[in-house]
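Here's a quick tour for anyone opening this one for the first time. Have a look at the sequence and the 3D view, then read on.

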Amino acid sequence: MKLLYFAWLRQKIGKAEETLDVPAHVKEVGQLLDWLESLGPNYATALKERKAVKVAVNQDYVGLTHPVKAGDEVALFPPVTGG
Amino acid sequence: MTVRVQTQDFDVGAELQQLSAGNHQIGGVASFVGLVRDIAPEGSGASSSMTLEHYPGMTEKRLAEIEAEAQRRWPLAATLIIHRHGRLEPGDRIVLVATASSHREAALESCAFLIDWLKTEAPFWKLEDGPEGPRWVEAKSSDDARKAAWKK
């Protein structure tokens, strides 16, 4: 699974992207966030405020119960501030 | 029906000229230009630059979807969205939204719709240079409210 991080999530996690082998029990976005939190203090800090974390799977906005699978592009980022 | 995401500046006059060129059914062109506002205190001598980050791929996709939604809602002859990213200084142009239609109502309303939706949907993030160092701009709930007001 390809993970992408933007804005302060990128800074807190310490990288812009990575490819991870996600365990089989991770089937939804919410479970993915829980698992990422367990990877280290940088992830835990970045994902602490769940309300401030938006998720896109394959470049579409999704909710916490959206399915995720190997090969997906999953992006985590704060609420957008363009325009 | 054009979406461009780029670092370089754009020429508003030339873009608007191009938008309606050759189509004499167009009776009106509406446009919105967003600029970098200087948030440094007046007289402080400081100036607030910013850096715009975005999600290449998703940005273009979302902007095209927003544009398609405007097309569904209004009879539009042409639309244009240009959004810059990278480092920008106060006064720099950030975004251009332009719509063209036979009549002004569709052009004006769809232009407002596009910028309201763009602000809450397109994956851009502003990092402002403040007096205490760089700071990520927080999303405003008033922007969500403006977007929600377009729900029909």
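## Where the two chains meet

Let's start at the interface, keeping in mind that this is a predicted model. Between chain B and chain A, 14 residue pairs are in polar contact, with both partners at pLDDT 80 or more. The largest share, five residues, comes from α3(B). Sort that side of chain B by class and you get 14 nonpolar, eight charged and four polar residues.

In terms of contacts, 26 residues of chain B touch 20 residues of chain A. Putting the two chains together buries about 1800 Å², and carbon and sulfur atoms account for 57% of that area. Who gives up the most on the chain B side? B:Y55, B:W125 and B:W136 do, together making up 35% of what that side buries.

There are charged pairings too: two salt bridges cross the interface of chain B and chain A. A salt bridge also joins the side chains of A:R10 and B:E53, with N to O at 2.5 Å.

Now for a residue in helix α4 (residues 141–148) of chain B: B:D143. Does B:D143 sit buried or exposed? B:D143 is buried, yet has no salt bridge, because its nearest side chain of opposite charge, B:K140, is 4.4 Å away and a salt bridge has to be within 4 Å. Setting aside neighbours within four places in sequence, B:D143 is in contact with B:K119 and B:T120.

Notes: Residues numbered from 1 in each chain as written. Chains lettered and ligands numbered in written order. Predicted model: local features only at pLDDT ≥ 70, side-chain atom pairs only at ≥ 80, totals over all residues. Heavy atoms only, no water. Contact = heavy atoms within 4.5 Å. Buried area = accessible area lost by both parts, 1.4 Å probe. Polar contact = N/O pair within 3.5 Å; in protein donor to acceptor, adjacent residues only side chain to side chain. Helix = DSSP H or I, 4+ residues; strand = E, 2+ residues; numbered from the N terminus. Nonpolar A, V, L, I, M, F, W, Y, C, P; charged D, E, K, R; others polar. Buried < 20%, exposed > 50% of the residue type's maximum accessible area, 1.4 Å probe, protein only. Lys, Arg positive; Asp, Glu negative; His and termini not counted.
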